[in-house]
Amino acid sequence: GALIVKHVEKLSDEKTIQAIQENPYMQYLLGLEKFTEKPVFVPELFVLVRKRLDHDFFNMLTLMLAETDGSKPKKEHTDEDGNDHGGTMKIDATCCDAEVRYPTDSNLLEDGSRLIDRLLDKFCARHKVKKPQTHRTEARQAFIGLIKKKRKGKKLIDKTKLIQIRCLQADFQLFLDFLGKQSSTLLACFSRHDYKCLQAAFKMYEQQKMMFEQNVRRCADRIISIYQPHLRPIVRGKSKATVEFGAKIGAGIVNGYTYVDHVSWDAYNESQDLLLQIQLFKERFGYLPATILADKIYLNRSNRDILEDFEIHSYCKPLGRPPKDPPSDEMKSRMAKAIGERNEIECSFGTGKRIYRANDIRAKLPDTARCWTGMCYFVKNVMKFLRELCLALTEIWRFFIIIVTMRIYVCYPLSVKR
């Protein structure tokens, strides 16, 4: 309930607790027996909740909403192999952007230098030893000299990167030698998050050094943030931004409800999700979809063979050269209608990003970010369920008013006419 309030109202964790504290309706949603002015729980508990939930859990809740709403697809026909078919599934993929600074090489090297300096300060303060002299000042001056320039030429960028790489290499060596001389263990002062960031910093340094020496701009599993090392650059080719940073998700819509079927931090071809989404559809509803509406990237030769084997309809253009006999007018109208219906999932992505902040994932861990993404689309499904419920109540009320009006007209016709 608290997560629903957070994403519907677009609040932070702290503001969500304050809003629940002041609003009796929200407390009723959470299941409290009476109104209280005390915080329901501390905001830090949201992190533990997100670690326990994932998109599969929210898909299960969405399925419960669909069954309650009567939106479960109905059986339409049975194929030659005895498999039942019913319903239409619309599938597509998108990227849920993480809240991260745009990565540049100089910024990453500066973060690594700052991290090493902070860990040395933490270690020396804990064990009360003198901090060794580092190259932090030199690296910082080179970085400041670069970012203050209005126009940054390639020579200045390469010179700054060379200074940063050399300073970071010397600080890494100094860091390891200094810790190796101490008798105390590292577990006494460094947290698990520090270890994770330190490993990401080492990997980032190796990548930056390799790219600088080989004069290339690409590498495998490139680190774009040492504080969120699971993020990868995903090339989407959109007009707004050619590269996005976040999780790539494959989703499907059945009768207006959105199901997040696949979440990946690495870039992949979404056409690989077709068979997975067909299997998930059968697990949820008990039979195969009768029709699948998808983008042309899903309709390659192998996926067309899969659709043909399962006897699933898909209104798409045939591969290869245009046929000698043009399609009939009825087929053209069906294809045009299918293209219009498939736009529903594009609208779902837009609604999830613009209204429920699916393009601004602020959770820093992979598990919590996966929960945040699934929650954005689950809240969208909840709001759809509430709209359908309000519509049904309105229709019942209109029917009740019509019945009462008819009874009054039958009992008192003269008074009604006057």
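Me: Is Asp92 buried or exposed?
Reply: This is a predicted model, in which local features need pLDDT of at least 70, side-chain atom pairs count only at pLDDT 80 or more, and totals for chains, interfaces and linings use all residues. Residues are numbered from 1 along each chain as its sequence is written, and side-chain values use heavy atoms, with hydrogens and water left out. Buried means under 20% relative accessible area and exposed over 50%, with partly exposed in between (1.4 Å probe, protein chains only). Because its relative accessibility is 5%, Asp92 counts as buried.

Me: In which strand is Asp92 found?
Reply: Strands (E, at least two residues) and helices (H or I, at least four) are DSSP runs, numbered from the N terminus. Contact means heavy atoms within 4.5 Å. Leaving aside neighbours within four places in sequence, Asp92 is in contact with residues including Ile249, Gly250, Arg342 and Phe349. The strand that holds Asp92 is β3.

Me: How many residues of strand β3 are buried?
Reply: Strand β3 spans residues 88-97. The strand is mostly covered, and of its 10 residues the number buried is eight.

Me: Which residue in β5 stands opposite Ile91?
Reply: Two strands pair if DSSP finds at least two bridges between them. β3 and strand β5 (residues 243-254) pair in the antiparallel sense over nine bridges. In β5, the residue opposite Ile91 is Gly252.

Me: Which residues touch the most other members of the largest nonpolar core?
Reply: A nonpolar core is a set of buried Ala, Val, Leu, Ile, Met, Phe, Trp, Tyr and Cys residues joined through side-chain atoms within 4.5 Å. The largest such core has 61 residues, and its largest share, 10 residues, comes from helix α13 (residues 366-411). A second, separate core of 24 residues includes Ile116 and Leu198. In the largest core, the residues that touch the most other members are Ile292 and Tyr377.

Me: On the same side or on opposite sides of α11 are its buried residues?
Reply: In helix α11 (residues 301-310), the buried residues are Asn303, Arg304 and Leu307. They cover an arc of only 105° around the axis, taken from the directions from the helix axis to the C-beta atoms. Arg301, Glu308 and Asp309 are exposed on the other side.

Me: What covers the buried residues of α11?
Reply: Leu307 is one of the buried residues of α11. Ile292 is in contact with Leu307, and also with residues including Leu274 and Ile278. The elements that cover the buried residues of α11 include α10 (273-285) and β7.

Me: How many disulfides are there?
Reply: A disulfide is counted as a pair of cysteine sulfur atoms within 2.5 Å. Cys124 is buried at a relative accessible area of 5%, and Cys316 is buried at 18%. By the distance rule, the count of disulfides is zero.

Me: What radius of gyration does the protein have?
Reply: The radius is taken over C-alpha atoms, and the globule rule is 2.2 Å times the number of residues to the power 0.38. A compact globule of 418 residues would have a value near 22 Å. The C-alpha atoms fill a box of roughly 100 × 70 × 45 Å along the principal axes. For the protein, the radius of gyration is 29 Å.
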